[in-house]
6 protein chains.
Amino acid sequence: MQRPSGRQPDALRTVTLERGYTRHAEGSVLVSFGGTRVICTASVEPGVPRFLRGTGQGWVTAEYGMLPRSTGSRMAREASRGRQGGRTLEIQRLIGRSLRAALDMKKLGENTITVDCDVIQADGGTRTASVTGACVALVDALNGLQRSKALLSDPLKNMVAAVSVGVYQGVPVLDLDYDEDSRAETDMNVVMSDAGGFIEVQGTAEGALFGREALNAMIDLATDGIQELFALQRAALAGG
Amino acid sequence: MQRPSGRQPDALRTVTLERGYTRHAEGSVLVSFGGTRVICTASVEPGVPRFLRGTGQGWVTAEYGMLPRSTGSRMAREASRGRQGGRTLEIQRLIGRSLRAALDMKKLGENTITVDCDVIQADGGTRTASVTGACVALVDALNGLQRSKALLSDPLKNMVAAVSVGVYQGVPVLDLDYDEDSRAETDMNVVMSDAGGFIEVQGTAEGALFGREALNAMIDLATDGIQELFALQRAALAGG
Amino acid sequence: MQRPSGRQPDALRTVTLERGYTRHAEGSVLVSFGGTRVICTASVEPGVPRFLRGTGQGWVTAEYGMLPRSTGSRMAREASRGRQGGRTLEIQRLIGRSLRAALDMKKLGENTITVDCDVIQADGGTRTASVTGACVALVDALNGLQRSKALLSDPLKNMVAAVSVGVYQGVPVLDLDYDEDSRAETDMNVVMSDAGGFIEVQGTAEGALFGREALNAMIDLATDGIQELFALQRAALAGG
Amino acid sequence: MQRPSGRQPDALRTVTLERGYTRHAEGSVLVSFGGTRVICTASVEPGVPRFLRGTGQGWVTAEYGMLPRSTGSRMAREASRGRQGGRTLEIQRLIGRSLRAALDMKKLGENTITVDCDVIQADGGTRTASVTGACVALVDALNGLQRSKALLSDPLKNMVAAVSVGVYQGVPVLDLDYDEDSRAETDMNVVMSDAGGFIEVQGTAEGALFGREALNAMIDLATDGIQELFALQRAALAGG
Amino acid sequence: MQRPSGRQPDALRTVTLERGYTRHAEGSVLVSFGGTRVICTASVEPGVPRFLRGTGQGWVTAEYGMLPRSTGSRMAREASRGRQGGRTLEIQRLIGRSLRAALDMKKLGENTITVDCDVIQADGGTRTASVTGACVALVDALNGLQRSKALLSDPLKNMVAAVSVGVYQGVPVLDLDYDEDSRAETDMNVVMSDAGGFIEVQGTAEGALFGREALNAMIDLATDGIQELFALQRAALAGG
Amino acid sequence: MQRPSGRQPDALRTVTLERGYTRHAEGSVLVSFGGTRVICTASVEPGVPRFLRGTGQGWVTAEYGMLPRSTGSRMAREASRGRQGGRTLEIQRLIGRSLRAALDMKKLGENTITVDCDVIQADGGTRTASVTGACVALVDALNGLQRSKALLSDPLKNMVAAVSVGVYQGVPVLDLDYDEDSRAETDMNVVMSDAGGFIEVQGTAEGALFGREALNAMIDLATDGIQELFALQRAALAGG
């Protein structure tokens, strides 16, 4: 088996995390997983949604979008179609849940952080790149709140990162690009915490079903790959 | 650990599959997983979506809804709010993918089967009950197409069924009801084929993260529980 | 003239009212008029719409929907089309007005009761079955409010019930099923109170116009038929 | 009993029908029932909706709107709210059904006539004024089609006209204005054909219920009032 | 060069301003620029949008619409299409900005005036006719507020009026009708104050580009034409 | 008068045009006017909108969007609000008209080019930066079509570029940034062709009205500034 990119089955693509990518947001990161590039911004606003008012707890939510020509053929703009599609809503719910697993909402106080993940170029794995980049943007926003004394303690419990795994031509592989993703038999997205433990495991058979052995192999690959992502996140945050 | 329902950790709720529940649909099943009740209807229409025209292949899709007062407090009706929520879209995409894994689309020919899953009473696990009931409705519709000679061979490759598993008070448990689901640390939905193999595995940490051991234990529980569901599906189909 | 069902011109279909059909709602009734089956739930919430705040009066409103395959051929789901159609809005306005004629809004206090009428199987007369079943669900909800001392006196002024009448092959007939309805020359829906008097009279020529004589005959038939419905409502409420 | 306008119980308001009110439409009428003024335009387009293609039959449909400040206090513009309300849809369905009862669709051929009724000033009875004016606009459009030889025979079977009746302070009255309408116990709209016979009868109790006697009296009043409207329509059409 | 209407290049069409056109609005004007006829109503409501609350300032906003058959061929009704088009939004933003330039918002106090401009017949220049008529309706509303002592001083700073200019067959012309507008090389809308000065200048090349000389000539024509409009506005207001 | 940026009144900000910014689009440019950064992509698709089918002519259209946190405070995402705002529609209509003035639609054949302008960071002048960058992306797409022999001759008639001008503290200034724009008395956007001539002139008084002299001074500034932009476009295109 030869991966289209020539990578080893357990090799990530080149991953970069560029902090301070745009100027207005409290946290702003351009994350690249190979040809996949996503702008992740974290915006802080005082106040929380109605169901949390008066609880003293904060909230983190996410929105996701793709520029119309981030993909090989142009997609209709969701704003002009008048609704976000099911895939978009599903992805932004996943990102939001993942980021909420990173924070102690009591320490955030009644503030809301909205993380926008906008894909400017897509080559597979946009949702896992989004989670990985969004967590760094979130940390930048939290650090700013602490520097300005808006928060007295750090809400961050742990970092979160995510990667895709799949079975391609019968072989479990890490971090699928679009060429692999569109032909893979199985596709799985895994989100983990650097404190250990899974946040999300979402596997889907795309044709052939997958057995217990393949499931285990994919989980193993993802677990190792995400450790590399944690190291890259730490390096990016140290570099600022 | 005592489950609210008094069930053993590996015990399903009482599951029933009532075929022919309504009169107009080609397949119509009322599925109950304990207090969760879902009407599943399979509707056959000639023709396929644009992206399949001329390929000779068929299509299966699903829609999901909840009656406004299927739940403890009334929810706004999605038709009057003017859009389906993210949870609804996510669930109907899951049901559709699961059912498509049951069929050989070439044998279905250029026909579309739409399976509607409408929850009339919710008590946890509505999406897994929907998949399990929808598959029986789908088989009834396929059988009707064969009886009327609209199809010459059976598109059914295998049955599909689904169940939820989770970690409740530290213990992996099968088929969570609402009381458990709302307090579980982890919630996982598993869809399998009776030919062996997984179709979907979707696990989410709801508070505490879950480790590899818990993941394995949940997969074990689900694998066994789904075998019971296959037996109930076969019995229901034999009873017609 | 032979009715497709073999019924006499002045004969209702078999009408049943099954209380407590689902578990969560304050009132829940499955009403059947022959093959027409509708789930009616009454949900109580404190508070009233803006235009009634501070008046001490309550409010009753209704929503109506049809499951996509409650009908002979599948209809598009209104939630996925993004709007409720004109027929749906017209019917739910009729149900709401009818139910408001049953209550003394002062005695209800500033509470809102929303009655959802969801058709799970359609065979003509869904709106009149809805009114008839909804009134029983409403009474169950009111009785619950009195038992729990949330209300000190009974807001119910009178029962309401409804039936369709029409002219089929030149003969006025009661309670049209779908076969008749789709071929009737005239279709009329009548809503009455058991205290005497009409709440709504809505007649539409579907081809041939109708004269004064036919109008009178239809009103006569409806008046008698609705008396039978009142008796069935009373029996159902006595049986709980 | 004294009507706010000083009219006798069986007196219409001053009704005028001004043909050729705007220049572009095939038929264009400004109808006034006292202070109620509605612009009715009939627009002819070749072709019919999908369900009639190939049948050789035509179609007539109606749309209804109110200018935001046609009423005592400004209403939100439906175009900016993004949806037509239930009342609007109900009224335009009524107008469309009424006008279709005027025509032989076979003679219209596969053409569609859309009649727009836009209320520029409202003082009660906008839907009945709309039906009455729309029929004259429709006739103008049909006459144009015949003059231009687009139609070889006249599709008009009969004129249609409509009026409201009600019970005000216990007395049946004809053609309610806003002052009466907002305080009437019962409100009924009646649409008739000048060939004899009812097209629509829609009565609603607005507080007190109405008995059989009141129903009969209102039908009598409407029947006589509509004869006057037919005479006014004929005079307007003769005047052109 | 011969204009289709036979007018001189610097001649306005016949412009009329009929005050008190409908009865409910605080100001109501039917403005005609030749065959273009627009109903302009000014509605006063206490309160201001959120961003102005507590500032002591008022607000003026505008909405614009066209009756479906105000044009040569019927346009779809925006209310039934579920959204206002880009042209509509662009025009109502222009009218709103123009009217706000007429008032001292401090003197208006925390009141909102909404001006609705509804085109009942279109023959080019609907937006400039709207601005010109709307300003008269606005003055009528302001005068009413002063007569009723709701306002103690006059918020009106200056009148505003607007006209279109263009280049037709190489010649700059004033106040284009539809025949000219649809064939003009350039179309420009100019809004001015009678205190001197421009409020809006919006010129668009429709085919051939326009040079500095043509730009200057159009501005000259508009400046003179608008003076005539101010005289007509004053005459109309004096005539009340 | 001192501009916030320290620039001379007739000085542009630093303008850069980075071609090939993303990989999938036929033309892709990141344009920066100082802190304003916009991704412009040109996408080519065979076929044209219905109103042009069979004419042999092509079409160019534009869409515009802002990332939610491209601005100082986060804006709601238009896709999740379910509609594009008036400002967005107005801007994308302006960009589309401007680009169509650059092409000979006959030479484009029945192809559609959609140019998406997505603002990733906003600091004033996003619409003029969009026009300027979009034209370069369009040229890249046209050159690709010619290289691949999909087009036999070059549809480009002339380049188009745009700049904003305004009156700030009484002085006409070129290329306003956000600090100036939000406090300017007048704001004008000018689009020109490098073949000479204006495509669009849109000036708006934001408080004080502007006289003829200021209008002339702004037009002069814009005319000179746009010549610099043409030089930068040519340099960027030469550099590829």
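Predicted model: local features only at pLDDT ≥ 70, side-chain atom pairs only at ≥ 80, totals over all residues.
Local features need pLDDT of at least 70 and side-chain atom pairs count only at pLDDT 80 or more, while totals for chains, interfaces and linings use all residues; side-chain values use heavy atoms, with hydrogens and water left out. Residues are numbered from 1 along each chain as its sequence is written, and chains are lettered from A in the order in which they are written.

At the interface with chain B, 29 residues of chain A are in contact with 29 residues of chain B, contact meaning heavy atoms within 4.5 Å. The buried area (the accessible area, 1.4 Å probe, that two parts lose on being put together, summed over both) is about 2500 Å², and carbon and sulfur atoms give 51% of it. A:Phe198, A:Leu209 and A:Arg212 supply 25% of the area that chain A buries against chain B, more than any other three residues.

Four salt bridges (a side-chain nitrogen of Lys or Arg within 4 Å of a carboxyl oxygen of Asp or Glu) are found across the interface of chains A and B. One of these joins A:Glu90 and B:Arg93, with the closest N and O atoms 2.7 Å apart. Polar contacts (N or O atoms within 3.5 Å, one able to donate a hydrogen and the other to accept it; residues adjacent in sequence count only if both atoms are side-chain atoms) link 14 residue pairs between the two chains, both residues being at pLDDT 80 or more.

On chain A, helix H2 (86–100), strand S9 (198–205) and helix H6 (212–238) each supply at least two residues of the side that touches chain B; helices (H or I, at least four residues) and strands (E, at least two) are DSSP runs, numbered from the N terminus. S9(A) gives the largest share, eight residues. S9(A) also runs antiparallel to strand S9 of chain B (residues 198–205), the two being joined by five bridges, where pairing requires at least two DSSP bridges. Within this pairing, A:Gly203 has B:Val201 as its bridge partner.

At the interface with chain F, 38 residues of chain A are in contact with 39 residues of chain F. The area buried there is about 3000 Å², with carbon and sulfur atoms giving 44%. The rule finds 14 salt bridges across this interface, including that between A:Arg74 and F:Asp116, whose closest N and O atoms lie 2.6 Å apart. Polar contacts between chains A and F number 25 residue pairs, both residues at pLDDT 80 or more.
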